[in-house]
Amino acid sequence: MKNVRKKIIFKGMISTFSLIGILSLTLFSGCSRKPEVEKGTEKSSTIGAAVASYIAPGDMDEYYLFYSGGHSGNVFVAGIPSMRHIATIPVFSPYPSTGYGFDQETKKMLGEFTWGDVHHPSLSETNGNYDGRWLFVNDNANNRMARIDLRDFKTKQILGPIPNVSGYHGGAFVTPNTEYILAASRFSIPLPKGAYAPIEQYATDYKGVVAGIAVDPKTGEMSVGWQILMPPFDYDLGDAGKGPSYGWAFWTSYNSERATGKLEVTSTQKDRDYIAAVNWKAAEQAIQNGKFKMIAGVKVIDPKEVPDIVYLIPCSKSPHGVDVSPDGKYIIGSGKLQSITTAFNMEKILTAIQNKDFTGNEDGIPVLNYDAVKDAEVNVGLGPLHTQFDDKGYAYTSLYVESAIAKWKLGTWEVVDKIPVSYNIGHLAAVEGDTINPKGKYLVALNKLSHGRHISVGPSQPESSQLIDISGEKMKLLYDAFTEPEPHYAQIIKADKLKPIEVYKKEDNKHPEAIWDVKDAKVERNENHVTVKMIAVRSSFEPWKIEVNEGDHVTIHLTNIEQTTDMLHGFGLNEYNINVVVDPGETKTIEFVANKPGVHPFYCTNFCSALHQEMQGYLLVKPKQSVSTGMIR
């Protein structure tokens, strides 16, 4: 027992000395030149920052960070506090690293598109807290919504293009029990899609849409829920109410001028734009009562015909973020072109609606009296965009123009701290900062520019994600990380809320063509259709030889019969543009036309064993006509 104790103490001493050594190198390696310090920046201790974000080799991060991959079409996964990139989840784009978009199932999900513009990842919720089941992400470019199953970190459904929604930017944000995922049009167009009206008729003949995508509570299956016709504004970000604001959904909108042309000029003439407040419970009831019209096969509510469903709240000019406080009492709206963020009180909003305290209307939608519904204007700084919350009653607002984050107190409305970031921050994400129970501790600044804080990689620079400690009175910058273009939004969840699997159990594989024994592997022909049932296991494919004729339609059902963690196998077919990766216990289907005569090797593309190189086989494609091929003998 004493020897065991000595080993533990010795091992702890080594770990401590290792950390001291790392920190010493960090400190002294830069002594040869004076560090460049930005004017006005207060830097925390190098040692303190290093310790706060350090995760020893073999140790695990406390949180998962899911952040958007922009026009890569992917979702990136990192650990916090290390900020280490852990994984890439392909969603709207083919991704050869995992074979996504090359097997039949994922090809079908992607449809005709080979890219998407991922903006806003949103974790599923139960009772207003992240539940670790699913992650939803929107496609701003092609008007789609995807669902990732956090059991295996894979995309399981892509819904869309969604009818009537154009530029799906106003999502994905979920309601407190994942009843709906919010959706809204960034661009107003004539409806239904495909209809035409001259741009000169924009103000009257173009329409926006706000909507809810329904989610099956057991399976996560998505379907189009309700839609509401809106004035031709540009709809931006959204959030769902909770507590006293439960049953409501909120979106910012800009271009209340209904302008066209050079929008940076034409759409910024008014002092205020709007937040759209939608009673989605009332929208549900209207659909049940038949108060809708069909547009492009969808049930759509016209608020001119169905009052008391949607209201407009005046907000600072060109707003971006609208964020509901954890207690659901305050709706925070921020306008990019002003220095204030406004806290609207939900109780006052409901009172104004009851008293019909309106100052006008837009296409029949009442505009609430701004002074009657606001609690405070908080002078946070220049270019406020997006707000997150901690567990101590503080709010954090990103300041794009100022390149900073402001920390302010809900209720007293005082700004208590500000920290510069690099550079031009867009969104920010606090740990579980969108829930009723935020955890505080860390905040990630999602900056649009990295501003030379890394070694040069040429004209195309990465974006910057900065880890900030918010556990104390003052915010402290801990770590710079860099991402591929272009992250927009992120959410952070405690790691122990996720329970991902490591293999697909044999009994859970329901693929009708799965096989589990080498004796069942075979090649079958039905006229010009060749079907292969194949097994992948260390370190061979069975069958390893597939003989077909030129022009045959080939279908391969490939099962990885391994039941060991991380024992993936790939199937790469030379010069056929095919690479499929099959996880342990998984079956995937590959289909192609054998239109290239000759002998084509296939091989395992994922390292699997010492004999990985030997894991190969041949596709032999017999030419249609026997002619001299110039074969070398």
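**Notebook: strands, rings, cysteines and a histidine**

I started at the β2–β3 hairpin, which has 4 residues between its strands. Methionine 83, in the turn, has a positive phi of about 65°. I am working from a predicted model.

Next I checked how β2 and β3 pair. They run antiparallel and share 5 bridges. β3 covers residues 85–90. I looked for the bridge partner of valine 77 and found alanine 87 in β3.

I then turned to the other neighbour of β2. β1 and β2 are antiparallel too, joined by 6 bridges. Serine 68 stands opposite valine 75 of β2. This hairpin has 5 residues between the strands, and glycine 70 takes a positive phi near 55°.

Is β2 mostly covered or mostly open? I found it mostly covered: 7 of its 7 residues, 74–80, are buried. I listed the two faces. Asn74, Phe76, Ala78 and Ile80 are on one side, and Val75, Val77 and Gly79 are on the other. Both faces are covered.

**Aromatic rings**

I searched the whole structure for aromatic pairs and got 22. One of them is tyrosine 64 with phenylalanine 153, tilted, at 5.8 Å centre to centre and 55° between the planes. The pair links distant parts of the chain, 89 residues apart. Tyrosine 64 is in β1, and phenylalanine 153 is in the loop between β6 and β7. Both residues are buried.

I also noted one aromatic cluster, made of Tyr180, Trp226, Tyr246 and Trp280.

Then I looked for charges over rings. Arginine 272 lies over the face of tyrosine 370, at 3.7 Å from the ring centre. Lysine 336 lies over the face of tyrosine 254, at 5.3 Å from the ring centre.

**Cysteines**

How many disulfides does a search of the whole structure find? I got 0. A disulfide needs the sulfur atoms within 2.5 Å. Cysteine 608 counts as buried because its relative accessibility is 5%. Cysteine 315 is at 0%, so it counts as buried.

**Histidine 119**

I located histidine 119 in the loop between α3 (104–110) and β4 (122–126). It counts as buried because its relative accessibility is 5%. Its side chain makes a polar contact of 3.4 Å with the side chain of histidine 488. Leaving out residues up to four places away in sequence, I listed what histidine 119 touches: Ser68, Asn138, Asn140, His169, His488 and Tyr489. Ser68 also turned up above, opposite valine 75 in β2.

Notes:
Residues are numbered from 1 along each chain as its sequence is written. This is a predicted model: local features need pLDDT of at least 70, side-chain atom pairs count only at pLDDT 80 or more; totals for chains, interfaces and linings use all residues. Side-chain values use heavy atoms; hydrogens and water are left out. Rings of Phe, Tyr and Trp (its six-membered ring) pair if their centres lie within 6.5 Å; planes under 30 degrees apart count as stacked, over 60 as edge-to-face and the rest as tilted. Helices (H or I, at least four residues) and strands (E, at least two) are DSSP runs, numbered from the N terminus. Buried means under 20% relative accessible area, exposed over 50%, partly exposed in between (1.4 Å probe, protein chains only). A charge sits over a ring if NZ of Lys or CZ of Arg is within 6 Å of the ring centre and within 35 degrees of the ring normal. A polar contact is a pair of N or O atoms within 3.5 Å; within protein, one must be able to donate a hydrogen and the other to accept it, and residues adjacent in sequence count only if both atoms are side-chain atoms. Contact means heavy atoms within 4.5 Å. Two strands pair if DSSP finds at least two bridges between them.
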